[in-house]
Amino acid sequence: EARSEKQPDSLLPQGRETTEMLLLIAENLAGIAIGYVWVALRPRPGSETRAWIYGIQIESEQRGNGYGRALLLAAEQEIVQRGIGVIGLNVFGSNKVARNLYESAGYHVTSMHMQKELPS
């Protein structure tokens, strides 16, 4: 958790103005921010040209209304306009709601980590 909290500071040294990053904010009809998507637009070392979703979040009381899907689609459209043809992300295996969203949007598993709790 501590590492996750520090990551935005190191990856977004100029905040929303940091180059090669895309930050989109979802707002409701009243203009109140209800979510965001944060995407790196630079290629990851050792891989094909791709964007990488660092985070997507919708306020809990606003979930289930299609805002996450709309943000994902808006990010994909921006990425395609920048000439990037592949986008990736990480999702916890236990996060079935997020996994369903990504799978229904055309994302597929490219790697998998597994573990087993052993008796002590």
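Q: In which sense do E1 and strand E2 pair, parallel or antiparallel?
A: The pairing of E1 with strand E2 (residues 33-40) is antiparallel and runs over seven bridges. Pairing here asks for at least two bridges found by DSSP between two strands.

Q: What kind of model is this, and how is it numbered?
A: It is a predicted model, where local features need pLDDT of at least 70 and side-chain atom pairs count only at pLDDT 80 or more, while totals for chains, interfaces and linings use all residues. Residues are numbered from 1 along each chain as its sequence is written, and side-chain values use heavy atoms, with hydrogens and water left out.

Q: How many helices and strands does the chain have?
A: There are three helices and four strands in the chain. Both are DSSP runs numbered from the N terminus, with at least four residues (H or I) for a helix and at least two (E) for a strand.

Q: In what order do the elements run?
A: Starting at the N terminus, the order is α-β-β-β-α-β-α.

Q: Back to E1 and E2. What lies between them?
A: The two strands form a hairpin, with five residues between them. Gly 31 sits in the turn and has a positive phi of about 80°.

Q: Which residues of E2 are the bridge partners of Ile 25 and Leu 23?
A: Ile 25 has Tyr 36 as its bridge partner in E2. For Leu 23, the partner in E2 is Trp 38.

Q: Which residue is the partner of Trp 38 in E3?
A: That is Gly 55. E2 and E3 run antiparallel and are joined by six bridges.

Q: How much of E2 is buried?
A: Six of the eight residues in E2 are buried, so the strand is mostly covered. Buried means under 20% relative accessible area, exposed means over 50%, and partly exposed is in between (1.4 Å probe, protein chains only).

Q: And how much of the chain is buried?
A: Buried residues are 28% of the 120 residues.

Q: What is the strand order in the sheet?
A: The sheet is open, has four strands in the order E1-E2-E3-E4, and its pairing is mixed. Strand E1 (21-27) and strand E4 (87-89) are at the edges, and each has a single partner strand, so one side of each has no neighbour in the sheet. On average, neighbouring strands are turned by 30° against each other, direction ignored. That angle is taken between lines fitted to C-alpha atoms; in general, angles run from 0 to 180 degrees between N-to-C directions.

Q: How do E3 and E4 pair?
A: Strand E3 (residues 51-58) pairs with E4 in the parallel sense, over three bridges. Across that pair, Ile 53 stands opposite Leu 89 in E4.

Q: Where is Ile 87, and which residues is it in contact with?
A: Ile 87 is in strand E4. Neighbours within four places in sequence aside, Ile 87 is in contact (heavy atoms within 4.5 Å) with Ala 51, Ile 53, Ile 79 and Tyr 107. Ile 87 and Ile 53 are 34 residues apart in sequence, and their C-alpha atoms are 7.3 Å apart.

Q: New topic. How many salt bridges does a search of the whole structure find?
A: The search finds one salt bridge. The term means a side-chain nitrogen of Lys or Arg within 4 Å of a carboxyl oxygen of Asp or Glu.

Q: Which side chains meet in it?
A: Those of Glu 78 and Arg 82, at 3.5 Å from N to O. Glu 78 is partly exposed at 27% relative accessible area, and Arg 82 is also partly exposed, at 44%.

Q: Where is Gly 66 found?
A: Gly 66 is in the loop between E3 and helix H2 (67-81). With a relative accessible area of 42%, Gly 66 counts as partly exposed. Gly 66 and Leu 101 are 35 residues apart in sequence and 9.8 Å apart in space, C-alpha to C-alpha.

Q: Is Met 114 buried or exposed?
A: Met 114 is exposed, at 76% relative accessibility. Met 114 lies in the segment after helix H3 (96-104).
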